[in-house]
Amino acid sequence: MAQIGIAVSTPRTPEQGPPADRRSGTLQAALGVTAFSLTFPATAWGLEGFGPWSLVAVRSVLAAVIAGGCLLALRVPVPARRHWAGLAVVAAGVVLGFPLLTTLALQTSTTAHAAVVVGLLPLTTALLSALRTGARPSRMFWGAALAGAAAVIAFTVQQSGGALSSADAYLFGALLICAAGYTEGGRLARTMPGWQVIGWALVLCLPLSVPGALVALSYEPVRLSAHSVAGLLWVAAGSQFLGLVVWYRGMAAIGIPKASQLQLAQPLLTLVWSVLLLGEQLTPAAPLTAAAVLICIALTQRARG
């Protein structure tokens, strides 16, 4: 009888959950953002030894092996049929689309310029979430989100010299498809564990990623080095699986709009990693932009959902 009572009760929104759950959700989403911030530098390392198609396909296969092994070891049942359409959107967005388009862009774009995509991703995800899930954040939330996006875009455009490149078509396509994958994944993570969302999405891509990897490796030369191997391992295990596990758990706990705004910090973290790992240069505007972004993030987290 207790189970029936739970099933028919009105579910609480993430904003109505216990404070401890919200704090845990915020921490997990922040860990996801930190993992994602290393993706572009790691991809740049991976491209030192792999072609773009090989890097994307192999990272997907490796991540699927990790996820599939966890699913098998824990004997996780196959998701219900009603979830597969959503998992297909996650697979198309965050497993295949975003990695492929950004990897192609990074062949001719610096990580600083590519960070423009991530600067717009939080706002785009919040907009798609409002349309898909019916979330209605407050005016304070939207004002802070717009201000944060403007600060990040202004900084990253200034950092890249203000010039548009041929990679921009890839980057803006990646922005839209990734926002759709995040939104659908966050919605699914309310009904199944976040790691299972990305795990099944990765497994769903195996019929494409395995033959894709074999074909790409046969056409693109491979030059293994410490950088290329480390970059491949990070984008496969860190960005493609572990980062998404905590990210979807965080979105389920605090809501997609609020979690998405934590990504305002991602471009700045990416640029820090780019200095440390790739030797790129930052301008004096970085600390000022970081302070503005942190204020905007704080406002979005305090705003009513």
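**Exercise 1.** In which helix is the place of T39? Decide also whether T39 is buried or exposed, and list what T39 touches.

*Solution.* The model used here is a predicted one.
Step 1: T39 has its place in helix α3.
Step 2: The relative accessibility of T39 is 8%. Buried means under 20%, so T39 counts as buried.
Step 3: Leaving aside residues up to four places away in sequence, T39 touches W234, V235 and S239.
Step 4: With S239 there is also a polar contact, side chain to side chain, at 2.7 Å.

**Exercise 2.** Describe how helix α3 and helix α13 meet: at roughly what angle do their axes cross, and which residues make the contact?

*Solution.*
Step 1: Two packed helices are described by the angle between their axes and by the distance between the axes.
Step 2: Helix α3 covers residues 39-46 and helix α13 covers residues 266-278; their axes come within 8 Å and cross at roughly 35 degrees.
Step 3: From α3, the contact is made by F40, P41, A44 and W45. From α13, T270, W273, S274, L277 and L278 take part.
Step 4: Sorted by class, this contact has seven nonpolar residues, two polar ones and no charged ones.

**Exercise 3.** How many helices and strands does the protein have, and what percentage of its residues count as buried?

*Solution.*
Step 1: The secondary structure comes to 14 helices and zero strands.
Step 2: Of the 305 residues, 51% count as buried.
Step 3: The protein exposes about 13800 Å², with carbon and sulfur atoms supplying 69% of this area.
Step 4: Among contacts between residues at least 6 apart in sequence, 91% join residues at least 24 apart.

Note on methods. Residues numbered from 1 in each chain as written. Predicted model: local features only at pLDDT ≥ 70, side-chain atom pairs only at ≥ 80, totals over all residues. Heavy atoms only, no water. Axes fitted to C-alpha atoms, helices over the stretch in contact; angles between N-to-C directions. Helix = DSSP H or I, 4+ residues; strand = E, 2+ residues; numbered from the N terminus. Contact = heavy atoms within 4.5 Å. Nonpolar A, V, L, I, M, F, W, Y, C, P; charged D, E, K, R; others polar. Buried < 20%, exposed > 50% of the residue type's maximum accessible area, 1.4 Å probe, protein only. Polar contact = N/O pair within 3.5 Å; in protein donor to acceptor, adjacent residues only side chain to side chain. Areas by Shrake-Rupley, 256 points an atom, 1.4 Å probe, with all protein chains shown as cover.
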